[in-house]
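Please prepare a briefing on the structure shown below.

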Amino acid sequence: MQNHLLLKALKGEPVKRPPVWMMRQAGRYLPSYMELRRKYDFFTRVQTPQLACEITLQPVDQIGVDAAILFSDILVVPQAMGLDVQLIEHKGPYLPKTIQSHSDISRLESDEAADKLQYVYDAIRLIKKELNGKVPLIGFAGAPFTILCYMVEGKGSKNFERARQFCVSKPLEAHSLLSKITDVTIQYLIRQVKAGADVIQVFDSWSGLLSPSDFSKFARPYLIQIANELSAHAPVILFPKGSWYALEDLAVNSKASALGVDWCISPLTARTLTAGRVTLQGNFDPAHLHLSPEDITQEVHDMIRQFGPQRYIVNLGHGITPDVPVQNAKAFVEAVKSFKS
Ligand code: CP3
């Protein structure tokens with residue numbers, strides 16, 4: 001590997017500057033992505049290893065990030081478990097048949113679901129070959145609670161009200177579904193690592209909708225199970241977005257190498273809660289990528305000073321939005337490279 005920054009930061013080893021990558025770095029703000037998007041629909045891009053590989057490499061070549069992240073989606077897991085998943089233009093994900101009962105759950109595929117994602121492992125092999133050791137490759141999956149949200153609600157939502165109702169009113173069904181998703185996810189992620197993924201990130205994009213008490217029931221056990229089983233294979237980054245109160249517990253009680261944070265928590269509070277036990281990743285507000293490149297540079301340098309440059313991975317606090325100018329994304333990455341302690 002030519003660029004060890006991410007792997008070193010995850011191990012807690014000293015680095016000359018922190019590594020940087022951006023969630024959703026392969027996406028609609030890049031004109032080269034938009035070109036492929038006009039030619040192929042979303043799941044064709046995801047399921048064709050050559051296309052997934054090309055899209056994964058775009059931000060590495062054009063923006064200069066220190067890690068590649070596989071171009072795919074968290075919703076390939078419900079798809080492999082037998083649900084129809086569509087991506088509707090201007091609307092987002094849509095699952096026509098949702099999960100509501102024990103019999104719906106029992107019909108979901110579990111043993112063979114990870115086999116159906118062979119195209120992901122093929123894409124990873126191809127990406128690793130093309131990267132040729134330039135930067136590490138991050139594999140990923142959605143966390144069980146976030147996947148449950150889409151399976152039960154059937155589409156994106158502000159509050160995932162139906163999904164939360166399902167958890168509290170049918171806890172037995174919820175736990176049986178969460179366990180089934182967890183089993184598939186663990187097999188899927190181990191196979192990503194066997195295919196060549198160097199690091200695994202688990203996205204719990206909607207865990208912040210839960211109260212601390214419901215988080216401890218419906219998100220925490222499954223995040224910890226995945227982190228603990230995967231950590232024997234590769235370093236794990238857990239990103240329970242919005243669940244800042246869980247940082248201390250996850251730092252102490254999970255085997256994650258890093259925890260992701262969004263911009264609603266200060267670097268100092270995140271450091272205090274985790275007390276040097278894990279690496280932290282985040283937490284630049286993507287809205288600030290609309291400032292001038294000079295202001296972005298200033299804010300990124302301030303953020304690195306606040307987190308401290310060690311045991312730290314510079315990232316956004318959530319995905320980059322499609323309207324960010326490419327030069328601003330570059331300014332974000334360049335700011336990290338020009339940082340002097
Ligand atoms: O980070 C990366 O560059 C890797 C690729 C990646 C995508 N989705 C590609 C994508 C990753 C890591 C994801 C994860 C994902 N997908 C999450 C968790 C992270 C987060 O953002 O909270 C979630 C909740 C999803 C579900 C999903 N997929 C939604 C809600 C949408 C529609 C919203 C949107 O941004 O358009 C998608 C589609 C999707 N996944 C796109 C991309 C680049 C947009 C597709 C397009 O229109 O070209």
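Ala275 lies in the loop between helix H14 (267-274) and S8; here helices (H or I, at least four residues) and strands (E, at least two) are DSSP runs, numbered from the N terminus. The model is predicted, so local features need pLDDT of at least 70 and side-chain atom pairs count only at pLDDT 80 or more, while totals for chains, interfaces and linings use all residues. Residues are numbered from 1 along each chain as its sequence is written, and side-chain values use heavy atoms, with hydrogens and water left out.

**Backbone features**

- Ala275 has a phi near 45 degrees, a positive value in a residue other than glycine.
- Arg24 also has a positive phi, near 60 degrees, and is likewise a residue other than glycine.
- Arg24 is located in the loop between helix H1 (5-11) and helix H2 (31-39).
- With a relative accessibility of 55%, Arg24 counts as exposed; by definition, buried means under 20% relative accessible area, exposed over 50%, and partly exposed in between (1.4 Å probe, protein chains only).
- A cis peptide bond runs from Gly282 to Asn283, with omega near -15 degrees.
- Asn283 belongs to strand S8 (residues 279-284).

**Packing of two helices**

- Helix H15 (residues 293-307) packs against helix H16 (residues 326-337) at an angle of about 35 degrees, and their axes are 8 Å apart. Axes are lines fitted to C-alpha atoms, for helices over the stretch in contact, and angles run from 0 to 180 degrees between N-to-C directions.
- The crossing of H15 past H16 is right-handed. A crossing is left-handed if the near helix is turned anticlockwise from the far one by less than a right angle, and right-handed if clockwise.
- On the H15 side, the residues in contact (heavy atoms within 4.5 Å) are Pro293, Ile296, Thr297, Val300, His301, Met303 and Ile304. On the H16 side, they are Gln327, Asn328, Ala331, Phe332, Ala335 and Val336.
- By class, this contact of H15 with H16 has nine nonpolar, four polar and no charged residues. Ala, Val, Leu, Ile, Met, Phe, Trp, Tyr, Cys and Pro count as nonpolar, Asp, Glu, Lys and Arg as charged, and the others, Gly among them, as polar.

**The nonpolar core**

- In soluble globular proteins, nonpolar side chains tend to be buried together.
- In this model, the largest nonpolar core has 131 residues, and those with the most contacts inside it are Leu148, Leu177 and Phe332. Such a core is a set of buried Ala, Val, Leu, Ile, Met, Phe, Trp, Tyr and Cys residues joined through side-chain atoms within 4.5 Å.
- Helix H10 (residues 171-195) gives the most to this core, contributing 11 residues.
- Apart from its neighbours within four places in sequence, Leu148 is in contact with Glu153, Ala163, Phe166, Cys167, Ala174, Leu177, Leu178 and Ile181.

**Salt bridges**

- The count comes to 12 salt bridges, where a salt bridge is a side-chain nitrogen of Lys or Arg within 4 Å of a carboxyl oxygen of Asp or Glu.
- One of them joins Asp61 and Lys134, whose closest N and O atoms are 3.3 Å apart.
- Asp61 lies in helix H4 (residues 49-62) and Lys134 in the loop between helix H7 (118-131) and strand S4 (137-142), so this pair ties together parts that are 73 residues apart in sequence.
- Asp61 is exposed at 54% relative accessibility, whereas Lys134 is partly exposed at 38%.
- Arg220 forms a salt bridge with Asp249, and their closest N and O atoms are 2.5 Å apart.
- Arg220 lies in helix H12 (residues 220-230) and Asp249 in helix H13 (residues 247-253), so the pair ties together parts that are 29 residues apart in sequence.
- Arg220 is partly exposed, with a relative accessible area of 24%, and Asp249 is partly exposed, with 22%.
- Salt bridges that share partners join Lys97, Asp104 and Arg107 into one network.

**Glu161 and its surroundings**

- Glu161 forms a salt bridge with Arg164, with the closest N and O atoms 3.1 Å apart.
- Both residues lie in helix H9 (residues 161-169), three residues apart, about one turn of the helix.
- Glu161 is partly exposed at 41% relative accessibility, and Arg164 is partly exposed at 25%.
- The C-alpha atoms of Glu161 and Leu209 are separated by 9.2 Å, although these residues are 48 residues apart along the chain.
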